[in-house]
Each structure stands twice: as C-alpha cells, then as structure tokens.
Amino acid sequence: MSKFRCRICGGAEYHSIFQWRIPLAAEVTDKQADAKRYLIEPAVCKICGHVQLIEALDIDMYGNYLYTPSYSDEFQNYITTFIDSVECLGTGKRAVEIGSSNGFLIKKMQERGYDVLGVEPSETLVEEARLNGVATMHMCFGNDDSIRSIKEWGTPDVVVMRHVMEHLDDLHGIIEAVGSILDKGIFVIEVPWLLRIIKEKQFYAFFHEHLSYFSMTSIKRLVEAHGFRIIDIRENNLEGGSIAVYVCKGEWAPVNLDKISFYLELENKWCSIDRIIDFSNEADEQISRIRKQVAAEKQEGKRIAAWGAGQRGVTLINICEWNVADIDYIIDANRNYWWKYIPGANVQIVPPEWLEEHWVDAIIIMATGYADEIIAQNKKYIKQGGKFLLLETMS
C-alpha cells in the first residue's frame, strides 16, 4: 500500500477494485502468438475518490498505437457537433490538439477556417495525418521540447485533449504544461466517464493503457489546482460513454452553472466510494453470466463473432478467457486492425464486409458506444436470422 499515491490528491490510502492479469489491450498482433500478461489493479482513492490504476507499466505502449474511432459514422457525426460547441464559445481560430491521432478532428476544424496543429506520439497515425494535410508533430506533449515547439508555432485559442488524459501518469504536470501554452483561450478535456462505467457495470473498461477513470468531480479538483475553472460540460456515448469538460483561466461568459451543478449532484449518487465498492463486488458475477450465455450458445451449435477490437473488447475477451473455440472472428471498422489478431485470444480481426460471406448466428457488440450504429448498418443480417448480443442484457 505504501507505493500508492493518488494522481490527483496525493493520498496514500485506497480500496482495490479488482486484480486481473491481461495483455496490453492495444497491442494487436500480426500473427497468432502467446501474449505477455501484466497485472492490472484499479483502485479508488479513499481521500478524494479518484479511480486509477495503482501502478503504471514502465514500457512503451504508444509507438505503434493503432486505435482510432475516425472510421465510425457516429464518431464523424459527433465531431461536427463537437466543433459547433467550441465555436459557440466564441474562441479565436487557432487550435492545438494533443493526442491528435490521425488528425480527423483538426482536419475538420481546418476546413472551418482554423489554423491547426496536432501533437501525436504514434508514428503510424502521424503519417496518416500528414498525408491528409494536417500539420502534426511526432512527439509526446508535456516536456520542454514540446512546449517550446508549440510556442514557436503560436499561441492557441483552443487546446483539445480528447481521450488522452486517461493515459497519463503525471496529471498535474500535463495541466501545468497546457497552462503554459494557453493564455486566454479554452481547454477541452474529453474522457470516458466514470459514472457510465459504474452505472452500466462496465467491468471491461479497465486496461493498462488507461491509468485514470475520471468523474467531473475529479477533473474539477485537478484543473482548479492550476487556476482553471469549468465553464461547461457535455456528455456523449462514445467510448462507452464520455464527458467533454470545457475549462478556462480567468473570466469567461457564459458559464453553464446549472448544468455543472446538475452533473456534480448526479456524481454524488453514482460515483461515491461505497457505490464503487459495490461495483467491484459484482464484477465476478457479471463475468460468470456472460460466459455462461456464450457457452450455452456454443452448446447449441451456434457460431459467434464479436464486434469491436478496441481496448474494451480485448479486455473483455481476455477476462472471459475466450479464444477461437468461442469466438470465430472480431469485426472492426478500423482498417488499421484488419487481419491482425487479438492479443491473448488469437482471434482474427476482419472488416465488416467479412460478415456477408462468413455467417455467424450471433454477434456480441463489444464496442458498446457504437451499438446503435452497428445494428442500424446490419439490418440485412438481422432479417436473415442473425442476432446481436448486448453486454448490458448479457450481464
């Protein structure tokens, strides 16, 4: 216990949520192989309630990071709404995205007249962004070199950090670094939302790449320690349910105080330490129910596939100890994954078109945030007698 220090408040007391040994969720492989498994132990800080992994792995997990949601129609539609929300705040037209992936978001901002710059550690995604005409620096943000490089580019009016904060060990360091490049603009932090994880019992939402699992309450504590304040919050269904928190330094109008208060009250109900402990106690029973349903389908001679090779899907498959005897293949829209294999399970990842010629009786939707889109795009499969299995009804 002495090793633990909360990444937000510095507290040393915690309650362990569970312990598993699973592969790196983003490390899909080019061929079937044995995968190294690492201990993962999420915990809740007894002082401030922030949920986080006790320890971060001391290995490079992002040099060849392939995950991007940009191939999803739902994500593409969301980005339009996201940019609208930024423009409504009346900011200037210079934007930096930290963890810019393949540049999809800032490309769309560029098309609306923004001067943009991306910062991305994955060489594969940087190359894709540059091919799409998006200026992108191949580096991690936070050190002196990255801060100096951005300052040489100019002062941003907007800094966007979508689904990056949860990957970082030094939370205070990154907020301080953003404060050093942002003068009077807006900083948007988007992360998977702890409330949705707890409320929807997403035990599979924990993996080594994500070190923190944020509530708005924990973000508020973090940013206020560095002179920022929350001015708005918006919820979406991506990544199993996420929140985008809009913060600034100094005065800004308008500030959506009623909405902020509403979300803080909601979190008092769902994100208390007692509620998180209840969630941890129910995980084993959920896993057992999901495994039993798949086993029953297989006993009837049914063929089963899954949809979603992202981190949640990889984690779920490994926690349930499934392999090619249980799951025929995994469908994913991300072409960077196609024909690779799920680590630990060695199930192959295929494009959506594969389903047309390779029948399965049921498909488990592991990309829970995109369930509606997946079902809507596969009505022909359902008419032919196929069915989708939703994790919330399986568990």
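Where does Glu-239 lie? I found Glu-239 in the loop between E12 and E13. Helices (H or I, at least four residues) and strands (E, at least two) are DSSP runs, numbered from the N terminus.

**Ground rules.** I am working on a predicted model, where local features need pLDDT of at least 70, side-chain atom pairs count only at pLDDT 80 or more, and totals for chains, interfaces and linings use all residues. Residues are numbered from 1 along each chain as its sequence is written, and side-chain values use heavy atoms, with hydrogens and water left out.

**Glu-239, continued.** I checked its backbone. Phi of Glu-239 is positive, about 55°, although this residue is not a glycine. Is Glu-239 buried or exposed? Glu-239 counts as buried because its relative accessible area is 12%. For burial I use these classes: buried is under 20% relative accessible area, exposed over 50%, partly exposed in between (1.4 Å probe, protein chains only).

**Glu-321.** I looked up another positive phi. Glu-321 is a residue other than glycine with phi near 60°. Glu-321 sits in the loop between H10 and strand E15 (330-331). At 55% relative accessibility, Glu-321 is exposed.

**Whole chain.** I counted 14 helices and 18 strands in the protein chain. The C-alpha trace spans about 65 × 50 × 40 Å along its principal axes. For 395 residues a compact globule would have a radius of gyration near 21 Å, and the chain agrees because its value is 21 Å. That radius is taken over C-alpha atoms, and the globule rule is 2.2 Å times the number of residues to the power 0.38. Of the 395 residues, 56% count as buried.

I then took contacts (heavy atoms within 4.5 Å). Among those between residues at least 6 apart in sequence, 68% join residues at least 24 apart.

**Core.** Which residues have the most contacts inside the largest nonpolar core? They are Phe-141, Met-165, Phe-187, Phe-203, Ile-330 and Ile-364, in a core of 144 residues. Such a core is a set of buried Ala, Val, Leu, Ile, Met, Phe, Trp, Tyr and Cys residues joined through side-chain atoms within 4.5 Å. I followed up Phe-187. Not counting residues up to four places away in sequence, its partners include Val-159, Met-161, Phe-228 and Tyr-246.

**Strand E12 and beyond.** Arg-234 is in strand E12 (residues 228-236). Arg-234 is partly exposed because its relative accessibility is 34%. Residues up to four places away aside, Arg-234 touches Ser-85, Ser-242, Ile-243, Ala-244, Tyr-246 and Lys-259.

Asn-256 is in the loop between strand E13 (242-249) and helix H8 (257-270). I get 29% relative accessible area for Asn-256, so it is partly exposed. Ile-231 is 25 residues away along the chain from Asn-256, with 5.8 Å between their C-alpha atoms. Asn-256 touches Ile-231 and Asp-232, residues up to four places away in sequence not counted.

**Helix H2.** In H2 (residues 104-111), I found Phe-104, Leu-105, Ile-106 and Met-109 buried. The buried residues of H2 pack against helix H1 (73-87) and strands E6 (94-98), E7 (115-120) and E9 (158-162). Gly-113 follows H2, with a positive phi near 100°.

**Helix H10.** Thr-315 lies in H10 (residues 311-319). Thr-315 is buried at 1% relative accessibility. What does Thr-315 contact, leaving aside its neighbours within four places in sequence? I find Ile-22, Ala-25, Tyr-204, Phe-206 and Phe-207.
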